[in-house]
Every structure is written in structure tokens, then in C-alpha cells.
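Please look over the sequence and the structure below. The paragraphs after them go from one part of the chain to another.

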Amino acid sequence: MDYLTAEEVRAWQPYPLAPDGVTPRKRARRRMELTGQWAPWQALGRRMAIGCVALEITQRCNLDCTYCYLSESSEALKDIPIEEVFRRVDMIFEHYGAGTGVQVTGGDPTLRKRDELLQIVRYIKSKDMRASLFTNGIKATRSLLEALCEAGLEDVAFHVDLTQRRKGYNTEAELNAVRQAYIERARGLPLSVFFNTTAYPGNFHELPALVRFFIANCDVVRLCSFQLGADTGRGVQRQRVTVSAETVLAAIQEGAQAKLNFGAASAGHSACNRYAYGIVCNGRVYDFYGDPAFVHKMLAATAHLKFDRADKRRAVATMIDFLLRNPRLLAGFASRAAKAAWSGRRDLLAAKGKVGKLSFFVHNFMDACQLDRERAEACSFMVMTPQGPMSMCVHNAKRDDYLLVPAMLKKEHKVMFFNPVTGRLQADKPDKLAVTVTRKNARGRAGKTSQTSAEHISK
């Protein structure tokens with residue numbers, strides 16, 4: 001394995017804008033070709049310019065997860081000004097264009113002022129990009145979700161698992177009460193609902209049952225994502241032990257009681273992301289990607305289509321319209337659909353023809369001290385730093401380099417600098433920013449010490 005050295009990690013820079021004439025999608029394809037990831041299953045460079053970009057609008061969080069990727073300095077930092085957030089949204093658009101998925105995240109983004117959160121989502125929508133809210137759900141009330149939908153939010157991803165150490169919940173099965181409450185909050189809203197779960201030794205044995213919970217609620221839940229705990233950030237737990245991408249895939253299939261093809265379509269590096277698509281009927285899962293060759297053909301032919309993720313009927317109508325214009329693909333699709341319907345005829349009858357869908361995703365984050373060069377270069381999951389997009393795993397290995405820096409703002413024709421430590425604007429750019437971690441703001445590993453301090457010289 002070709003791991004980045006500590007010096008290479010420090011020297012790794014955010015991506016600059018592409019040279020003239022190179023479209024974001026072509027640039028993505030070039031990255032996949034150079035890393036050996038350009039293949040018929042590859043969506044990056046074919047359907048999309050990037051998988052998604054994380055927009056961190058706060059570093060604060062109301063939980064303290066044992067596998068947290070945030071920096072030990074995070075809780076001591078003030079929220080960056082909304083002008084700086086807008087500037088980063090502009091950079092996402094300049095790098096990847098319309099249709100890009102923007103994860104509004106943190107910390108927990110719901111800790112940001114409500115009106116600012118709405119403004120941010122509205123601004124992303126004005127750029128014709130797709131806004132997704134990534135939250136632990138504690139403050140994501142029905143009222144807030146309704147307002148965010150009106151502002152243009154398309155997806156909400158609730159992260160719930162045992163690493164969050166929520167009081168009164170000792171098993172993933174007990175946490176299903178929290179998940180169910182979140183599902184009811186989002187029910188009926190024009191949102192795609194996702195659930196994120198950190199997979200680690202402490203909950204691995206419960207993953208099959210958790211998959212069954214998501215299958216039972218696939219009328220609302222569209223995607224269940226399992227993210228392997230990694231040795232990074234301020235988290236106190238570091239061990240994967242028996243948990244790997246392959247064992248998690250096996251656990252998902254055990255819960256689904258179906259063999260799912262996780263290699264027919266994906267984005268980025270095959271060692272990072274694995275994706276499967278299930279059709280659910282009468283509680284039984286059928287693999288929608290059972291014929292990889294046909295999936296590849298459809299992936300190439302439909303790369304230009306834009307599906308409305310918040311409106312199932314409109315998304316289906318888009319696909320039907322495409323198939324009617326492409327009779328050969330229609331014939332292939334109809335033939336396979338007929339075979340699947342015959343195979344599942346008993347379930348179709350029992351469910352009175354009602355069919356749902358559920359996607360399964362496994363995200364294999366890398367440890368901060370073991371960053372595979374090829375995977376970093378083929379990354380499909382970026383975070384927007386003040387200077388540009390950067391691979392999430394590389395960013396997590398040196399988060400303070402991008403947090404402990406002032407933001408330059410123009411105020412009434414004057415250039416001012418926002419100090420994230422004090423939360424104040426100042427005329428002069430500070431030479432260095434120092435954060436003191438105390439008992440009050442310490443999280444993760446720092447919480448185990450009485451008082452520490454960390455200094456970083458701003459660039």
C-alpha cells in the first residue's frame with residue numbers, strides 16, 4: 001500500500017480551479033483514469049463531476065461521538081460569518097457546477113442560527129445545486145424541516161448510532177425509537193430521507209437487525225449508509241478489529257436476506273464507496289443491479305438525465321420518458337422487469353402491487369495516519385476549505401490547518417478579518433491563532449485531560 005508520508009499530508013493542497021476548457025466532469029474522468037478507477041461502473045466523470053461536497057457551517061456539536069472526526073479545537077471556535085459560507089458555496093459551484101450535491105454539515109448544522117441556516121440552503125438552491133442537511137436530528141424539528149424544504153432542501157441525513165452515547169440507549173435496537181421519531185418528523189415532506197450509521201465493533205453484531213428496520217421503513221427511508229469508524233479526529237475509539245468494508249457488506253446482505261451486487265455502480269474509488277440498490281416488496285429485498293452489464297449500459301445512456309430526488313413520481317416519469325425514446329433499452333428494461341415480477345409474483349400479490357426501494361451504501365473512511373495515495377487522488381467526497389475542495393480523509397488528518405485561519409471580509413469598502421477564536425472582526429490580519437481547550441469546551445480525547453492548549457500559526 002502506498003501511504004502518504006506525514007510530509008506529503010502536510011503539503012497536500014486543496015484543488016485549484018480547472019484550466020480553461022476543462023469541464024468539471026472531464027476533470028473528474030481524468031482523475032479516475034489516472035488512478036485506474038475509470039470503468040463501466042464509474043459514475044464520477046460520467047454522470048457527475050463529484051460525489052458530494054461537505055460545507056461545514058459550524059464546528060460546534062451537541063454530541064460527543066466516540067469516533068468523531070472533528071478537531072479537538074472545534075468547540076472553542078465561533079461560526080464563520082455567513083458571507084464566508086456564501087463564498088464557499090460560490091467556490092463549490094465554480095469547481096463542480098449546477099446539480100452538485102452540497103452536504104450542509106458541521107459539527108451539527110442545526111446549531112447555527114435558524115435564519116442563517118435557511119439563508120444558506122436558499123443560496124445553494126439559487127445556484128441550482130442540491131442541498132442536503134446532515135444532522136444528528138436532535139434539533140431538526142418538524143417545523144425546521146418544513147421551513148428548510150421551502151428554502152430548497154432536498155435531502156436530510158440523520159446520523160444515529162451508539163457511538164453518540166445518547167443517554168438511555170444502550171443498543172442499536174433501543175435507538176430505533178429515535179430513528180422512528182425522526183422518520184415521522186420527515187414523513188410526507190418532499191425530502192429524500194437517509195440514515196447514517198457508524199459501523200464499529202460495538203454495534204457490528206446489530207447491523208443485520210438494523211438493516212431490517214430500514215427495510216420495514218422504506219416507505220420513507222431512501223438510503224441507509226454505513227460508515228466505518230476510522231482513526232481520525234478527536235474520537236476516543238480507534239479500533240476496527242473485525243469490522244471492514246467486506247464484513248459490513250456481508251452484514252447488510254444478512255439483514256436484507258438477499259444477495260446484493262455492490263459492484264455494478266458507484267462513484268470514486270472502489271475501496272472507498274460501495275453501493276447497492278434494492279427493490280422492496282412485501283418486506284423482501286430484490287437486487288435491482290442483478291445484471292451488471294445492463295446497469296453499465298443504462299449508466300452510460302442516462303448520464304445526462306437529471307432526476308428529481310424529492311419527487312418519486314417525477315423521477316419515474318423522467319425515466320419512462322427516456323425509455324420511450326430509446327426502444328432498445330426499453331425492451332431490455334421491460335424484459336428484466338418482467339422476469340423480476342414473475343420471480344416475485346407472490347410478494348407482489350401479497351403487497352397488492354406496492355413496491356418500494358432502498359439503497360445501501362458503505363463508506364470506508366481512511367485512518368489519518370494511513371492515507372492511501374491512490375484513494376485520496378480518486379476521492380469523490382470533498383470538503384470545501386477556505387482555499388478550495390479537498391479530499392475529506394486528507395482534510396480530517398489536518399483539520400486545524402483550515403479552521404485556525406482568519407476569514408477576509410469586505411465591510412463597507414473596508415477589508416476586515418474574522419477571527420474564529422474570538423468571533424470578532426478586526427482590521428489587521430492576526431499573525432497566529434491560539435485555542436485553549438478547557439474542561440468546558442473539551443470533547444473527545446481532550447475531554448480526558450483537565451486543560452490543554454494548542455497553537456497554530458495562521459497562513
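Glu 56 is buried, because its relative accessible area is 7%. Here buried means under 20% relative accessible area, exposed over 50%, and partly exposed in between, with a 1.4 Å probe and protein chains only. This is a predicted model, in which local features need pLDDT of at least 70 and side-chain atom pairs count only at pLDDT 80 or more, while totals for chains, interfaces and linings use all residues. Residues are numbered from 1 along each chain as its sequence is written, and side-chain values use heavy atoms, with hydrogens and water left out.

Which residue forms a salt bridge with Glu 56? The partner is Arg 399, and the closest N and O atoms of the two are 2.7 Å apart. The pair links distant parts of the chain, 343 residues apart: Glu 56 is in strand S1 (residues 52–56), and Arg 399 is in the loop between helix H14 (392–396) and helix H15 (400–403). Helices (H or I, at least four residues) and strands (E, at least two) are DSSP runs, numbered from the N terminus. Arg 399 also counts as buried, at 3% relative accessibility. A salt bridge is a side-chain nitrogen of Lys or Arg within 4 Å of a carboxyl oxygen of Asp or Glu. By this rule the count comes to 25 salt bridges.

Another of these salt bridges is formed by Lys 127 and Asp 90, with the closest N and O atoms 3.2 Å apart. Lys 127 lies in the loop between H4 and strand S3 (130–135), and Asp 90 lies in helix H3 (residues 82–96), 37 residues apart. Lys 127 is partly exposed, with a relative accessible area of 23%. Arg 187 and Asp 219 meet in a salt bridge as well, at 2.9 Å from N to O. Arg 187 is in the loop between H6 and S5 and Asp 219 is in the loop between H7 and S6, so the pair ties together parts that are 32 residues apart in sequence. Both ends are partly exposed: Arg 187 at 31% relative accessibility, and Asp 219 at 41%. Salt bridges that share partners also join Asp 2, Glu 8 and Arg 373 into one network.

The next stop is strand S6. Is strand S6 (residues 221–228) largely enclosed or open? Eight of its eight residues are buried, so S6 is largely enclosed by the rest of the structure. Strand S5 (residues 192–199) pairs with S6 in the parallel sense over seven bridges, where two strands pair if DSSP finds at least two bridges between them. Within this pairing, Thr 197 stands opposite Phe 226 in S6. S5, helix H7 (residues 207–216) and S6 make a right-handed β-α-β unit. Right-handed means that, with the strands pointing away from the viewer, the path from the first strand over the helix to the second runs clockwise. S6 is also joined to strand S9 (residues 356–363) by five bridges, and these two strands run parallel. Cys 224 stands opposite Phe 360 in S9.

S12 and strand S13 (residues 414–419) pair over five bridges, and the bridge partner of Leu 409 in S13 is Met 416.

Most residues other than glycine have a negative phi, and most peptide bonds are trans. Glu 412, in the loop between S12 and S13, has a positive phi of about 50° although it is not a glycine. Glu 412 counts as exposed at 75% relative accessibility. Arg 165 has a positive phi of about 55°, and lies in the loop between strand S4 (153–159) and helix H6 (172–186). A cis peptide bond, with omega of about 25°, joins Gly 106 and Gly 107.
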